[in-house]
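Work through each task before reading its solution.

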Amino acid sequence: MHNPTTIFNDFRSAWSTTENLFSALKTEDSLLAAPEHGLRHPLAFYLGHVAVFYVNKLRAAGLIREGIHPLFEELFAIGVDEHSWDDMTKNSRSWPSLSAINDYREEVYALVSQAISRIEDAAFDDTNPEWAILMAIEHERIHIETTSVLMREIPLVNFRAPENFPTLHPSSKAAPSLHPKAGVDYPKPEWVAVSGGEVRLGKSRNCSSFGWDCEYGEAWRFAEPFEVSKYLVSNGEFYEFVSDGGYTDDSYWTDEGAAWRKFRNRNSPQFWVDGGRKLRTCFEEIPMPWSWPVIANFHEAKAFANWRTKNDSAPVRLMTESEHHRMRTVVGPRAVSTANFDLRFGSEAPVDRDTSLPICDVVGNVWQWCEDIFLPLTGFRPHSLYPDYSTPSFDGKHQLLLGGSFASTGDATGPWNRNNFRRHFYQHAGIRLVRKP
Ligand SMILES: [Fe+2]
């Protein structure tokens, strides 16, 4: 059952979170800042884009008759599919001023509020026009998270810590900056046995809550017994890999991963500053919290797992989708009740903050890269309002991520969410390891 009050509250919450996130910009010039890798638009695009998406989708669904600003609704719709991120021909465009974008956003807010007030208090599903509103809210939530990563990749000089955005986890205040090998403690890796069992992948179309196209369908799989790392891989644990020459030994890396590492000239993770002395959070640099989960891309995650194999009794790898779901079943609801997600904090948190759990951070804190390439489940069908949401990513170049991060809200914190990114992309994503018993 959906009702207009709940939907309006969700809309207002997502909208104000975007506003709070962008209040981090120090000057108007910061709106034109973009990451060094040049694979994403400047921030201005994303401030306009989430608003334009409401207008374009509500219009396509027939909930509103006309748009507000045809030029904006074309300019900020281009690249609307964030999976087309390597097509950056539009980066040569000039972008409207902050006040022009904000004026437009005010009009969109009023328009969407009116559309929500017309919703009847009744059940609807993905065949009803009202689904477009849920889709646009969830789309905004995705961009809140991905924009927070984008900001993390852009020089600090552009930002100030925003007043109304969640603060860093309190452990940031007590974070050590000394090197692990100089005696700073960090959670020692532990393996936890998980029994085998059948798992169901895929969300039923009978569920009334919003889901993206790739979440629906059905697949029954059997997960063989496995052992899983109790903790997400911490910065301290990852440092062992770095200091053991992990970034200079190609034998740990896939060919694609080694090529990426050399192209980007990397010798440590993206958000490590001064070789690991500090960590870049979204808006600050803090002394390195060695017990927080490392943030890595898929190539780094795989290289780390291969390095661990060298000193382990069995081959070590990342999780599969089936194993992730099996792990969730074994840990049960506590996995969710203690999770670091839903923007309770504006950062990662120690991987061992609740050692009473059999497995920590089953969900939340940082996304977990999976061994699986992103593929549809049986019964997949694209949604008519957003046919390009998943389909372009079923290309073998996108890797599955599960579990959500501290910045995930809404559907991304749910059990059916199936996220994907290219293997070289950074998100608030890290590493959980698996091996056969
Ligand atoms: Fe988008």
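**Exercise 1.** In this predicted model, state how glutamate 138 and arginine 141 are placed relative to each other in helix H5, and classify both by accessibility.

Solution. Glutamate 138 and arginine 141 are three residues apart in helix H5 (residues 131–153), so about one helical turn separates them. Their side chains form a salt bridge, with the closest N and O atoms 3.0 Å apart. Buried means under 20% relative accessible area. Glutamate 138, at 8%, is therefore buried, and arginine 141, at 13%, is buried as well.

**Exercise 2.** Which parts of the chain does the salt bridge between glutamate 256 and arginine 423 tie together?

Solution. The two side chains meet at 3.1 Å, N to O. Glutamate 256 belongs to helix H7 (residues 255–264) and arginine 423 to the loop between E11 and E12, so the pair ties together parts 167 residues apart in sequence. Glutamate 256 is partly exposed at 39%, whereas arginine 423 is buried at 13%.

**Exercise 3.** Is asparagine 235 buried or exposed, and which side chain does its own side chain join in a polar contact?

Solution. Asparagine 235, in helix H6 (residues 235–243), has a relative accessible area of 1% and is buried. Its side chain joins that of tryptophan 272 in a polar contact of 2.9 Å.

Methods
Residues numbered from 1 in each chain as written. Predicted model: local features only at pLDDT ≥ 70, side-chain atom pairs only at ≥ 80, totals over all residues. Heavy atoms only, no water. Helix = DSSP H or I, 4+ residues; strand = E, 2+ residues; numbered from the N terminus. Buried < 20%, exposed > 50% of the residue type's maximum accessible area, 1.4 Å probe, protein only. Polar contact = N/O pair within 3.5 Å; in protein donor to acceptor, adjacent residues only side chain to side chain. Salt bridge = Lys/Arg side-chain N within 4 Å of Asp/Glu carboxyl O.
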